Amino acid sequence: ITWNAIGTVGIGTTSPLASLDLRANTTSGGTTPVASVSGVTSNAALVVDNSGVGDVLSASTSGVTQFVIKNNGNIGIGLGNGVVTGIPTAKLDVNGNASISSALTFRTGAGSIQTTANNTLTIGGNTTGNVIINPSGAAQFGIGTTTPLATFDLRYAVGLLGGTQPV
């Protein structure tokens with residue numbers, strides 16, 4: 001354990017780079033965690049409170065950020081360190097595939113599933129079973145319109161004149 005004159009503490013290092021700097025014990029062959037938090041509490045096991053402008057939490061592999069919690073509450077997974085891609089632009093921003101084993105629920109306001117930059121949006125794949133939209137039938141469903149006039153309202157663009165017409 002190192003405690004230097006400016007108040008930084010190092011465990012496993014004689015040159016701490018932060019207020020508390022933990023380094024892995026390389027003699028164990030990489031099989032021992034660098035840090036472990038455990039206990040019995042009715043509160044959080046680990047509390048991170050950053051009143052500055054930096055990230056709340058960041059995890060990286062060989063210097064490339066894999067997971068980050070920004071100080072505005074946005075969470076980024078797999079965004080890397082790029083100028084554009086390294087900053088989560090939504091409460092949850094995932095670069096790569098994501099998997100949900102149960103329901104995806106939009107709790108407040110109008111929900112939206114969309115792509116960016118005119119990319120294709122595919123619903124379903126080669127292992128998808130039935131795709132059921134609005135199983136209760138209690139509301140109206142529209143394609144090509146934001147104001148459906150019937151239980152199922154399909155609209156399309158008409159020739160060079162534009163506009164929409166019911167099918």
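Buried means under 20% relative accessible area. Asp 21 has a relative accessible area of 9%, so Asp 21 is buried. This model is predicted.

**Asp 21 and Arg 23**

- The side chains of Asp 21 and Arg 23 meet in a salt bridge, with 2.9 Å from N to O.
- Side chains of opposite charge can pair when their charged atoms come close.
- Arg 23 is partly exposed, at 36% relative accessibility.

**Lys 70 and Asp 55**

- A salt bridge links Lys 70 with Asp 55, and their closest N and O atoms are 2.7 Å apart.
- Lys 70 lies in the loop between strand S5 (64–69) and strand S6 (75–77).
- Asp 55 lies in the loop between strand S3 (20–22) and strand S4 (57–61).
- The two residues sit in parts that are 15 residues apart in sequence, so the pair ties those parts together.
- Lys 70 has a relative accessible area of 21% and is partly exposed.
- Asp 55 is partly exposed too, at 33% relative accessibility.
- Why does Lys 70, at 21%, count as partly exposed? Buried requires a value under 20% and exposed a value over 50%, so 21% falls in between.

**Arg 155 and Asp 153**

- Arg 155 forms a salt bridge with Asp 153.
- The closest N and O atoms of this pair are 3.0 Å apart.
- Arg 155 is buried, with 17% relative accessibility.
- Asp 153 is buried as well, at 7% relative accessibility.

**Strands S4 and S5**

- S4 and S5 run antiparallel, joined by five bridges.
- Thr 61 stands opposite Val 64 in S5.
- The two strands form a hairpin, with two residues between them.
- Ser 62 is in that turn and has a positive phi of about 50°.

**Strands S5 and S6**

- S5 also pairs with S6 in the antiparallel sense, over three bridges.
- Phe 67 stands opposite Ile 77 in S6.
- How many residues lie between S5 and S6 in their hairpin? There are five.
- Gly 73 is in this turn, with a positive phi of about 95°.
- Lys 70, the partner of Asp 55, is in the loop between S5 and S6.

Technical notes. Residues are numbered from 1 along each chain as its sequence is written. This is a predicted model: local features need pLDDT of at least 70, side-chain atom pairs count only at pLDDT 80 or more; totals for chains, interfaces and linings use all residues. Side-chain values use heavy atoms; hydrogens and water are left out. A salt bridge is a side-chain nitrogen of Lys or Arg within 4 Å of a carboxyl oxygen of Asp or Glu. Buried means under 20% relative accessible area, exposed over 50%, partly exposed in between (1.4 Å probe, protein chains only). Helices (H or I, at least four residues) and strands (E, at least two) are DSSP runs, numbered from the N terminus. Two strands pair if DSSP finds at least two bridges between them.
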